[in-house]
Amino acid sequence: MKKDIVLAGVGGQGILTIASIIGQAAVKQGLNIKQSEVHGMAQRGGAVLAHLRLSSDAIHSDLIAPGTADALIAVEPMEALRQAESLHPQGVILANSRPVANIGDYPELETVLAALRAYPRSLVIDAEAMAAAVGSARAMNMVMLGAVSPFLGMPVEVLEATIAEAFARKGPEVVAANRQAFAAGQAAAKGI
Amino acid sequence: MTQLLLLGDEALAQGALDAGLSGCYAYPGTPSTEIMEYLQGSREAAERGVHREWSCNEKVAMEEGLGMSFAGKRAMVCMKHVGLNVAADGFVNAAVTGTHGGLLVVSADDPSMHSSQNEQDSRFYAQFAMVPCLEPSSQQEAYAMAAHGFALSERMETPVLVRLCTRLSHSRANVAVSVDKQPMKELDALNEMRGRFVLLPVIAKRNYVRLCEKQDEFARLSEESPFNRYSDGPDRSIGVIATGIGYNYLQEAFAGACPHPVLKISQYPLPKRQLSRLLAECRQIMVIEEGMPLVEQMLRGPLGDGGRTRGRLTGDLPRTGELNPRAVAQAFGLPAPALPAASPLVKMRPPRLCDGCPHANSYDALNEVLKSRPTSRVFGDIGCYTLGALPPYNAIHTCVDMGASIAMAKGAADAGVHPAVAVIGDSTFTHSGMTALLDAVWENSPITVVILDNGTTGMTGGQTSQAAGHMENICAGLGVAPEHIRILTPLPKHHAANVEALAAELDYAGLSVVILRRECIQTLRRKK
Ligand SMILES: Cc1ncc(C[n+]2csc(CCOP(=O)(O)OP(=O)(O)O)c2C)c(N)n1
Ligand code: SF4
């Protein structure tokens with residue numbers, strides 16, 4: 001078993017929360033992990049990136065070679081395009097459609113979304129709206145995690161248990177909202 | 001053994017803790033910051049009473065660490081690569097005094113300059129100071145090298161440099177952690193042989209001879225190091241030297257089955273025995289090293305070697321920037337997937353000041369004052385506020401190294417620039433702005449020093465700032481005239497008053513300090 005996953009977004013959107021839950025779940029599965037993260041810019045609003053590699057064998061490089069990733073999870077649509085070259089031709093793109101338009105020359109959103117949909121295996125969803133519909137727009141990341149879950153080669157129950165642990169401190173309602181957000185993402189990914 | 005998921009930085013920190021660390025000294029800097037932060041968050045470190053407070057700058061940290069080593073205890077000093085420039089005096093001379101308790105000097109390089117002004121390679125400093133260098137290739141090695149490094153340091157009475165890189169420092173992996181912890185060392189500071197710490201020429205000359213004599217033993221220890229490894233391969237048309245994380249990219253490129261003989265190097269000086277074998281058995285040598293071509297240049301020699309040694313200098317690998325698995329695969333002519341052209345829809349998204357950041361209001365006020373003073377030049381410094389160089393502010397003309405703002409403003413004022421303004425953050429000021437301010441006090445230089453006092457070291461994530469709460473006293477203590485020390489609050493409602501005060505001080509023909517004080521909103525938010 002070997003999965004290479006690229007995560008992309010804008011500083012402050014919390015892509016490391018997604019990476020960390022996948023990573024913890026992989027540890028439970030006895031898998032090896034390497035997770036390369038962008039740190040060091042306290043300022044918000046820049047492009048951020050993480051590489052997450054899971055394998056039952058030894059993992060050598062901390063970085064994923066471009067053109068080889070199994071999945072790209074982007075919580076922002078233009079950031080999905082920025083990292084698209086990391087993807088293997090058969091890889092899947094899972095992108096949130098809500099833009100963070102904090103720059104003057106942000107491209108026309110519909111064009112960006114169309115470019116993403118043109119990839120053979122892609123899913124573009126309004127993760128924020130889906131999260132809001134089940135209780136909390138802040139659970140947007142868990143919608144994205146749910147959407148990628150079928151491509152991780154891991155039992156869903158392990159991911160669900162890890163989500164529950166990750167949010168346990170914040171109380172049962174937060175756990176429930178996040179699990180529902182996860183389920184919503186999972187349902188949306190059916191059929192890719 | 002227990003398994004933890006740790007960043008390279010954290011693995012080293014945990015390794016040091018398990019090896020009986022007594023004190024960590026550091027100034028924050030990407031990608032090294034998480035070493036100290038891990039120790040600060042560690043219950044174990046708290047229970048053991050390990051020292052783990054930030055220092056004012058890297059030189060101070062280096063000397064504090066050396067003091068702990070003098071007293072017989074194990075110390076670790078951490079910084080980013082450019083921090084070693086600041087600490088260099090202490091570092092190079094610590095090689096001459098030698099150490100007592102184990103001393104690790106950790107310098108984290110940032111090739112590709114993700115968050116730095118340059119991509120200097122710390123291994124050169126180890127070579128220059130003539131001390132051993134450890135360069136882990138994995139998080140597990142980073143963990144193990146702490147104990148190994150302390151033992152090496154104590155055995156040879158030398159500081160040991162640990163060189164990290166962004167991709168190891170900031171990558172998380174499973175690390176098997178020992179459950180047996182070494183005890184901390186006992187205090188041992190009254191030993192007469194500590195006379196070697198007095199670097200008077202008569203003693204320093206002796207010490208330096210001794211340091212030169214150690215070199216053969218360092219090389220022998222490299223040959224025996226568990227972190228250096230020779231693995232044979234059938235295809236000797238080319239032999240490979242892979243250092244640090246370069247080794248991982250090599251393994252990735254050949255899916256763990258490199259057909260060439262490979263010398264993996266993670267401990268310097270170079271292991272001569274293994275190196276001689278590789279050079280004797282292989283026609284060409286490919287050198288894969290993160291950062292600058294240190295080993296490659298050594299093998300090539302000053303005149304080049306007719307293309308026998310290959311790497312960054314021959315264009316087989318990129319001359320600048322960090323390595324990656326694709327570049328390494330291509331160096332061996334391995335097939336790499338064709339990549340689609342970058343989408344023209346993708347635009348640059350540089351980092352910005354946070355919404356509500358006090359620096360934004362400070363620049364708004366400063367820019368208004370400068371508008372009517374076209375001969376002004378603004379000397380910037382390093383921190384979140386360096387983003388003031390970008391639109392919409394376009395407010396600063398220089399950013400070189402920490403503390404340079406005040407000294408450059410003074411030099412430019414000496415040359416006739418007026419108004420000459422320095423813009424510096426509070427942490428950068430205590431790091432290395434204070435001494436430059438003292439020069440300006442001495443000559444009553446006609447400069448205005450604008451201190452952006454947000455009470456923290458914001459850029460690296462909000463670490464302590466030693467001037468918090470008494471910046472004006474420090475400036476007055478250095479001798480700035482109290483009537484030319486102003487304290488303003490950078491908020492839109494004070495904009496007009498701030499503009500007026502800044503204008504008055506810019507037009508004053510002597511030294512003035514304007515402290516713009518409001519807390520970083522990120523640290524403020526965290527307290528809530
Ligand atoms: C010699 C050196 N050490 C460390 C760093 C990393 N670094 C850059 S800016 C900075 C601190 C900035 O703090 P401050 O001056 O208070 O400004 P703020 O970011 O809070 O606005 C640090 C630690 C560096 N660039 N150079
Ligand atoms: S982290 Fe603090 S100092 Fe830095 S940009 Fe944000 S608010 Fe400003």
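Predicted model: local features only at pLDDT ≥ 70, side-chain atom pairs only at ≥ 80, totals over all residues.
Residues are numbered from 1 along each chain as its sequence is written, chains are lettered from A and ligands numbered from 1 in the order in which they are written, and side-chain values use heavy atoms, with hydrogens and water left out.

**The eight-stranded sheet**

Eight strands form an open sheet with mixed pairing, in the order S6(A)-S5(A)-S4(A)-S1(A)-S3(A)-S2(A)-S7(B)-S1(B). Helices (H or I, at least four residues) and strands (E, at least two) are DSSP runs numbered from the N terminus, and two strands pair if DSSP finds at least two bridges between them. Strand S6 (122-125) of chain A and strand S1 (2-7) of chain B each have a single partner strand, so one side of each is left without a neighbour in the sheet. From one strand to the next, the twist averages 20°. Within chain A, strands S1 (residues 2-10) and S3 (residues 47-55) run antiparallel and are joined by nine bridges; A:Lys2 stands opposite A:Ser55 in S3(A).

Helix H7 (residues 139-156) of chain B packs on this sheet, touching strand S2 (32-37) of chain A as well as S1 and strand S7 (171-177) of chain B. Contact here means heavy atoms within 4.5 Å. The direction of H7 makes about 50° with that of S7(B), where axes are lines fitted to C-alpha atoms, for helices over the stretch in contact, and angles run from 0 to 180 degrees between N-to-C directions.

**The five-stranded sheet**

A further open sheet, in chain B, has five strands in the order S8-S10-S9-S12-S13, with mixed pairing. Its edge strands are S8 (229-231) and S13 (309-310), each pairing on one side only. Strands S9 (residues 238-243) and S12 (residues 284-288) of chain B run parallel and are joined by five bridges, and the bridge partner of B:Ala242 in S12(B) is B:Ile288. Helix H10 (residues 246-253) of chain B lies across S8, S9, S10 (262-265) and S12, running at about 135° to S9(B).

**The ligand sites**

Ligand 1 is surrounded by 26 residues, a residue being counted if one of its heavy atoms lies within 4 Å. Helix H16(B) gives the most to this shell, with four residues. The table lists polar contacts, which are pairs of N or O atoms within 3.5 Å.

| Residue | Part of the residue | Distance to an oxygen atom of ligand 1 |
|---|---|---|
| B:Asp426 | side chain | 2.8 Å |
| B:Ser427 | backbone | 3.0 Å |
| B:Thr428 | side chain | 2.5 Å |

The protein covers 98% of the 590 Å² of accessible area that ligand 1 has on its own, by the Shrake-Rupley method with a 1.4 Å probe.

Ligand 2 lies between chains A and B. Among the closest of its 11 surrounding residues are B:Cys354, B:Cys357, B:Cys384 and B:Cys520.

**Backbone positions**

Most residues other than glycine have a negative phi, and most peptide bonds are trans. The bond from B:Tyr268 to B:Pro269 is cis, with omega near 5°, and B:Pro269 is found in the loop between strand S11 (267-268) and helix H11 (272-281) of chain B. A cis peptide bond also joins B:Pro391 and B:Pro392, with omega about 5°. B:Met113 has a positive phi, near 50°.

Conventions: Polar contact = N/O pair within 3.5 Å; in protein donor to acceptor, adjacent residues only side chain to side chain.
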